[in-house]
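Hello,

Here is the structure for your files. My notes on it follow below.

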Amino acid sequence: MLKIDHKEHIFHLSNQLISYVIQVIDNHFIVNRYFGKQIPFFAGSNSLDSNHHAFSVYTDDDQFCSTNLPLESSLMGSGDYRITSGQITDNQQKNIPYFKYQNFDTQNNIPEELPHLTNLENATFLNINMIDGLTKTELILHYVLLNNLPDIIRWTSIKNKGKSSIDIKRLASLQLDLHDPIGKIMTFNGSHANEFVPSFSKIMNGIQEVSSNSGASGPQHQPFVAIVDNNISLNNGRYYAANLIWSGNFSAKVEKDQYQHLRLMIGLNDCDFNWQLNSNEGFTTPQAVITYGKNGLNGIAINFQKLYDKYLISSRIQKPLIAINTWETSYFELNEQECKKLAKTAASVGANLFVIDDGWFENRNSEHGQLGDWKVDPNKFPDGLLLISNYVHRFGLKFGLWIEPEMITENSNLFRNHPDWVLMNPNREKERSRNQLVLDLSQKKVQNYLIKIISNLIIDNQIDYLKWDFNRHLVPLESQINSYKDTSYLYIKGLYHILSTLRKEFHNLIIENCSSGGGRLDPGMLFYTDETWISDLTDSVARLRILSNQLSLYPLKITSSHLSVSPNEQDGRILPLRTRLELTGLGNLGLELNLNSLSKNELRQIKEFIVKFKQQYLLRHNAYVYNLLPLRKRNGEAIALLMKYDNDFLLIYSYGLGSAVHQPIYLPLYYLNSHEVYSVNNKVISGAELNEAGLTLPPTKRDFEVKTVLIKQVNKNELTGRY
Ligand code: DGJ
């Protein structure tokens, strides 16, 4: 709902959960008056600081000054000494310090060419339109309020309606100044094979930032920042949490200013960014989402899981899709006979997707091989891939193929023919990583070429599924053609264009997002893909730790998770098959080990587990998941996840390291419906009792033991005596 006080220029966006109030002051300050729990109407109980403080800048007409107002947007050169959401210069390279408020409208201006939230029929839209009279540039602040979640979507756009060009040197998607400065900063950081490590840090005076300048979102930091209560727990505590729907360079900052106010900002990274906007051109930032709540870390998690599940992801995986993938099975040593044998055994245990990973194409026997030509290796597959595709289709499996289309090596024909299609400075040494260079997706020609070559590959080989890998980042961020505009922004838009074209062209094609695991796991990629390989670490215990943290932002259903060998190939952990299966069987279960070297008994266990996974699919794939134990930084500690789908729950408890002190574990479940009753191990127990007294899990003597408990809601009317 949007309530407007036309006289005071107050805009009050509210649903049943939150209110977001902004006001236009002195015709150019867009001020945040309130963001928090829903209030019925806004009367202005919290007045603004109208002092003209020392060093502050103001004009004679201004009652207020920008130094100390809670501003929704502010520009370099305006006298706002905090980090400003924008820096825009005219054709003389002079800052445009202010835009004047013009009017507002409530149109749906969702930027279709960028990843965006969808299904917004019941959402409320507000656009605040401003103009710089001198350059005739328009600046628009966009707001969307969802009708049933505590989220506001924010982004900014600019239109140059003047005759001369202007330069956008910085333009954030969201700036939020907080009235009640709380607690600490929360971010997710990590590295390859150790993604999604939560971090809580004290807010210092000045600016703190997480960012990416590698051209991709990266495993180092999520495009996310939250300000949370100092004593936030899983169930309690306030938060303001923001996430950027973008897969390239980003910056997420928090600033504590001279008056101890907090500013939170998220958007494109301004490092290496300079966008020249010519006459009649427009520019739109990615969307950011900001949520507010008081219900602790699980509140953040459930909000984002629901938000992206309902409004962002349109995954084509609607039924159990159980992959057998050749990477950890055979690495580069692929051949037709082995693939056929593997596919046949996989089908016999219940898999329904056969994916040939890296190594299927010419001159690719190691990481030193070739990338870019995508011609089948006749030594490994003398009869081509179509033969394998037909073969696996006969067994009822889908056919999937690995590809790393954004990459190129110097020994490819593609490089020899098109050296100018590569991100590099031709006058300097090439910057190789994993022996490869990056194609310049900011160039239209390159985008079209990739669409054509991938489409042909799909058609020629009847491919149902692509594993889209991206194993290095964009260094140098230098196009040989598009030197005057920002390569990283254009690159990511080019990537989005390729992915969306392929999705439109091939209605049933499923795409797995992979970047050496979770190196490009972000809401932008979730919009264009169906699942994500969240980490190269396939040790199921360590991976569960990564998953349990990933669930703070992204839902279970985007996760592909594969059973691998023991000892694990990355960290050497030895785990029994039962533990590996139970811990892997969340999200999208897959297999990544040589089934033909397993015993009959092991194959039987896998087959039985796949039957169970399929039976419990809705809970194991679609559920919203609560963490019942604090977010973990290290491997080896206990993790308890409570999955909820519809009215039923599945508890999965991973014990971590065994202990000589054999104590049972008391685990209150918190999130069951306390007015309902549930059946647990053939016992009927009230939700209230399970929430408060909890379940008792027996002690274990072994490391990394797992327990799963199905908690099904029972119809109260069928129970006699107790109700
Ligand atoms: C990195 C991926 O994360 C792996 O799963 C595998 O596909 C390799 N690349 C192949 O090179």
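Lys-430 is partly exposed, at 28% relative accessible area. Partly exposed means between the cut-offs for buried (under 20% relative accessible area) and exposed (over 50%), with a 1.4 Å probe and protein chains only. The side chains of Glu-410 and Lys-430 meet in a salt bridge, 4.0 Å from N to O. A salt bridge here is a side-chain nitrogen of Lys or Arg within 4 Å of a carboxyl oxygen of Asp or Glu. The pair links distant parts of the chain, 20 residues apart. Glu-410 sits in the loop between β24 (407-408) and α5 (413-417), and Lys-430 in the loop between α5 and β25 (437-438). Helices (H or I, at least four residues) and strands (E, at least two) are DSSP runs, numbered from the N terminus.

Before you go further, note that this is a predicted model: local features need pLDDT of at least 70, side-chain atom pairs count only at pLDDT 80 or more, and totals for chains, interfaces and linings use all residues. Residues are numbered from 1 along each chain as its sequence is written, and side-chain values use heavy atoms, leaving out hydrogens and water.

Other salt bridges

The count comes to 28 salt bridges. One of them joins the side chains of Arg-82 and Asp-177, at 3.3 Å from N to O. Arg-82 lies in the loop between β4 and β5 and Asp-177 in strand β10 (residues 166-178), so the pair ties together parts 95 residues apart in sequence. Both Arg-82 and Asp-177 are buried.

Strand β10 also holds Arg-170. Arg-170 forms a salt bridge with Asp-270, with the closest N and O atoms 3.0 Å apart. Asp-270 lies in the loop between β17 (262-268) and β18 (275-277), so this pair ties together parts 100 residues apart in sequence. Arg-170 is buried, at 13% relative accessible area. Asp-270 is partly exposed, at 26%.

Ligand site

Which residues are closest to the ligand? They are Asp-357, Asp-358, Lys-467, Asp-469 and Asp-536, out of 13 residues that surround the ligand. By class, the shell has 4 nonpolar, 3 polar and 6 charged residues. Ala, Val, Leu, Ile, Met, Phe, Trp, Tyr, Cys and Pro count as nonpolar, Asp, Glu, Lys and Arg as charged, and the others, Gly among them, as polar.

- Lys-467 has a polar side-chain atom 2.8 Å from an oxygen atom of the ligand.
- Asp-469 has a polar side-chain atom 2.7 Å from a nitrogen atom of the ligand.
- Asp-536 has a side-chain N or O atom 2.3 Å from an oxygen atom of the ligand.

The protein covers 98% of the 290 Å² of accessible area that the ligand has on its own. Accessible areas come from the Shrake-Rupley method with a 1.4 Å probe; for residues, only the protein chains shown count as cover.

Surface and helix α10

Phe-55, Val-57 and Tyr-81 form a nonpolar surface patch, with about 370 Å² of accessible area together. Patches take residues with over 30% relative accessible area and no salt bridge; like charges are joined within 9 Å, and nonpolar side chains (Val, Leu, Ile, Met, Phe, Trp, Tyr) within 5 Å. Tyr-81 lies in the loop between β4 (29-37) and β5 (86-89).

Helix α10 (residues 577-584) is mostly covered, with 7 of its 8 residues buried. Among them are Leu-577, Leu-581 and Leu-583.

Backbone

Two cis peptide bonds are next. The bond from Val-475 to Pro-476 is cis, with omega near -5 degrees. Pro-476 is in the loop between β26 (465-468) and α7 (487-505). The bond from Ser-566 to Pro-567 is also cis, with omega near 0 degrees. Pro-567 is in the loop between β29 (559-563) and α10.

Asp-26 has a positive phi of about 50 degrees although it is not a glycine. Asp-26 is in the loop between β3 (18-25) and β4, and is partly exposed at 23%. Gln-462, also not a glycine, has a positive phi near 50 degrees. Gln-462 lies in the loop between α6 (444-461) and β26, and is partly exposed at 43%.

Best regards

Methods. A residue is near a molecule or strand if one of its heavy atoms lies within 4 Å of it. A polar contact is a pair of N or O atoms within 3.5 Å; within protein, one must be able to donate a hydrogen and the other to accept it, and residues adjacent in sequence count only if both atoms are side-chain atoms.
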